[in-house]
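Subject: Structure handover

Hi,

Here is the structure I promised to pass on. My notes follow below it.

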Amino acid sequence: MMGMIQGVQIDLISAERLDKLTMMEKIHLILDEVMEGNIVVLEKGLAPEEQSKLIEVTMREISPDGFAGIEMETYPVKETSGGFLGKLFGGRRPEARLTVIGPANQLKTLRKDKDLISAWVSSSR
């Protein structure tokens, strides 16, 4: 942290960088940053199985006087066109969209709509 400046670090991670990582590498990248008190914004969200694994690993890291866990918000998945037949014949899987992840005691979601996530971030730990 620089000098006496109070604030919160926000890491914006590109889809290209995420695509090069394994599931566990993504989880460790995210969790290491969040445990440092940083906010992580993923250009392309995690797949459902990656989200589940992130939550599972996070639960093991929570401690009463230490890490409080994570707050995670993602835009709702866009419905891809193709309708019933597209889904029946293996149409594209909808991809998760932008995701915001931070320490549970610093990041609070104020409002979430289909195209807006409004959050409050505290710099105190």
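At what angle do helix α2 and helix α3 pack, and how far apart are their axes? The angle is about 45°, and the axes lie 10 Å apart. Axes here are lines fitted to C-alpha atoms, for helices over the stretch in contact, and angles run from 0 to 180 degrees between N-to-C directions. Helix α2 covers residues 23-35 and helix α3 covers residues 48-61. The angle makes α2 oblique to α3. For the classes, under 35 degrees is roughly parallel, over 145 roughly antiparallel, 65 to 115 roughly perpendicular, and the rest oblique.

Before the rest, the ground rules. This is a predicted model, with residues numbered from 1 along each chain as its sequence is written. Local features need pLDDT of at least 70 and side-chain atom pairs count only at pLDDT 80 or more, while totals for chains, interfaces and linings use all residues; side-chain values use heavy atoms, with hydrogens and water left out.

**Overall layout**

The protein chain has four helices and six strands. Both are DSSP runs numbered from the N terminus: helices are H or I with at least four residues, strands are E with at least two. Along the sequence the order is β-α-α-β-α-β-α-β-β-β. Of the 125 residues in the protein chain, 32% are buried. Buried means under 20% relative accessible area, exposed means over 50%, and partly exposed is in between (1.4 Å probe, protein chains only). Take the contacts in the protein chain with a separation of 6 or more: residues 24 or more positions apart account for 67% of them. Contact means heavy atoms within 4.5 Å.

**The α2/α3 pair**

Back to the two helices. α2 passes α3 in a right-handed crossing. The rule: a crossing is right-handed if the near helix is turned clockwise from the far one by less than a right angle, and left-handed if anticlockwise. From α2, the contact uses M23, M24, K26, I27, I30, L31 and M35. From α3, it uses E49, E50, K53, L54, V57, T58 and E61. By type, the residues of this contact are eight nonpolar, one polar and five charged. Nonpolar covers Ala, Val, Leu, Ile, Met, Phe, Trp, Tyr, Cys and Pro; charged covers Asp, Glu, Lys and Arg; the others, Gly among them, are polar.

Two C-alpha distances belong with this region. H28 is found in helix α2 and is partly exposed, at 40% relative accessible area. G66 sits in the loop between α3 and β3 (70-74). G66 is also partly exposed, at 44%. Its C-alpha atom is 9.3 Å from that of M35, 31 residues away along the chain.

**Salt bridges**

The count comes to six salt bridges. The criterion is a side-chain nitrogen of Lys or Arg within 4 Å of a carboxyl oxygen of Asp or Glu. Three of them in detail:

- K53 pairs with E56, the closest N and O atoms being 3.2 Å apart. The two are three residues apart in helix α3, so about one helical turn separates them. K53 is partly exposed at 22%, and E56 is partly exposed at 38%.
- E56 also pairs with R60, at 3.4 Å between the closest N and O atoms. They are four residues apart in helix α3, again about one helical turn. R60 counts as exposed, at 57% relative accessibility.
- D113 pairs with R111, with the closest N and O atoms 3.0 Å apart. D113 is partly exposed at 32%, and R111 is partly exposed at 46%.

Shared partners join K53, E56 and R60 into one network.

**T74**

Is T74 buried or exposed? T74 is buried, with a relative accessible area of 13%. T74 and T99 are 25 residues apart in sequence and 4.3 Å apart in space, C-alpha to C-alpha. Leaving out residues up to four places away in sequence, T74 touches Q51, R97, L98, T99, K112 and I117.

Best wishes
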